[in-house]
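Please keep the sequence and the structure in view while reading.

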Amino acid sequence: MNMGRTGFIFDLDGVIVDTAKYHYLAWKKLADELGISFTEEDNENFKGVSRNRCLEILLEMGDLTVSQAQFSAWLAEKNEDYLAYIAGMDETEILPDVPRALEHLRGRNVPIALGSASKNAAPILEKVQLLPYFDTLVDGNSVTKAKPDPEVFLIAAEKLGVAPEDCVVFEDAVAGIEAANNAGMTSIGIGDADILDKADYNFKDFTEIDTEFLDDLLR
């Protein structure tokens, strides 16, 4: 255990890259097929939620009951559409100033983890050429409990060898901020401060986070 060391944990969607739009397009495509009206506002309820639960919500919206086989087929279809969208991603999709923050932390030898519900985290980080910055990835393939359960962040802390109370989490979703708080970690909301009001700190995006702030977190 690296006593006294600070570990940084980043969520993926909406923090490092904006893949939320691709999730939205893939869900909308399925919703259109099923004759269900699905807006960007509806998509807000899908953020940070497991794929299974998202489809359940969508079917509830359309008042549809389906067999397990059909349910699984639609899940697979949505994921294939999503993967087709992200296949075209490159480093232009990285959110503003994220590489600057990662570069600064890497220069200070800070242990860095990814803590995301995404099952496609590794290929996405590879496509945008950020994979080398991360010491460990904890994603949807290695966790069983969804945020706001702190499991994903607690596993990340353990893999980094850092105590949970010495970890800093960057999150864009309410459930993610709650998960970080539940883990006893410092939570930093990226996005709308009114929505992410339970976070310890709030920023619109990484352009507002200067290196002094990052260094203060390391003390």
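In this predicted model, helix α3 (residues 51-61) packs with helix α4 (residues 68-86) at an angle of about 110°, and their axes are 10 Å apart. Because angles of 65 to 115 degrees count as roughly perpendicular, α3 is described as roughly perpendicular to α4. The crossing of α3 and α4 is right-handed. The residues that make this contact are set out by helix below.

| Helix | Residues in the contact |
|---|---|
| α3 | Arg51, Asn52, Leu55, Glu56, Leu59 |
| α4 | Phe71, Trp74, Leu75, Lys78, Asn79 |

Sorted by class, the contact of α3 with α4 consists of five nonpolar, two polar and three charged residues.

The sheet comes next. It is an open sheet of six strands with parallel pairing, and the strands follow the order β3-β2-β1-β4-β5-β6. The edges are formed by β3 (136-138) and β6 (201-203), each of which has a single partner strand, so one side of each is left without a neighbour in the sheet. On average, and with direction ignored, neighbouring strands of this sheet are turned by 20° against each other.

Within the sheet, strand β4 (residues 167-171) and strand β5 (residues 186-190) run parallel and are joined by four bridges, and glutamate 171 stands opposite glycine 189 in β5. Helix α7 (residues 151-160) packs on the sheet, where it touches β1 (7-10), β2 (112-115), β3 and β4, and the direction of α7 makes about 160° with that of β3.

Methods:
Residues are numbered from 1 along each chain as its sequence is written. This is a predicted model: local features need pLDDT of at least 70, side-chain atom pairs count only at pLDDT 80 or more; totals for chains, interfaces and linings use all residues. Side-chain values use heavy atoms; hydrogens and water are left out. Two strands pair if DSSP finds at least two bridges between them. Helices (H or I, at least four residues) and strands (E, at least two) are DSSP runs, numbered from the N terminus. Axes are lines fitted to C-alpha atoms, for helices over the stretch in contact, and angles run from 0 to 180 degrees between N-to-C directions. Contact means heavy atoms within 4.5 Å. Angles under 35 degrees count as roughly parallel, over 145 as roughly antiparallel, 65 to 115 as roughly perpendicular and the rest as oblique. A crossing is left-handed if the near helix is turned anticlockwise from the far one by less than a right angle, and right-handed if clockwise. Ala, Val, Leu, Ile, Met, Phe, Trp, Tyr, Cys and Pro count as nonpolar, Asp, Glu, Lys and Arg as charged, and the others, Gly among them, as polar.
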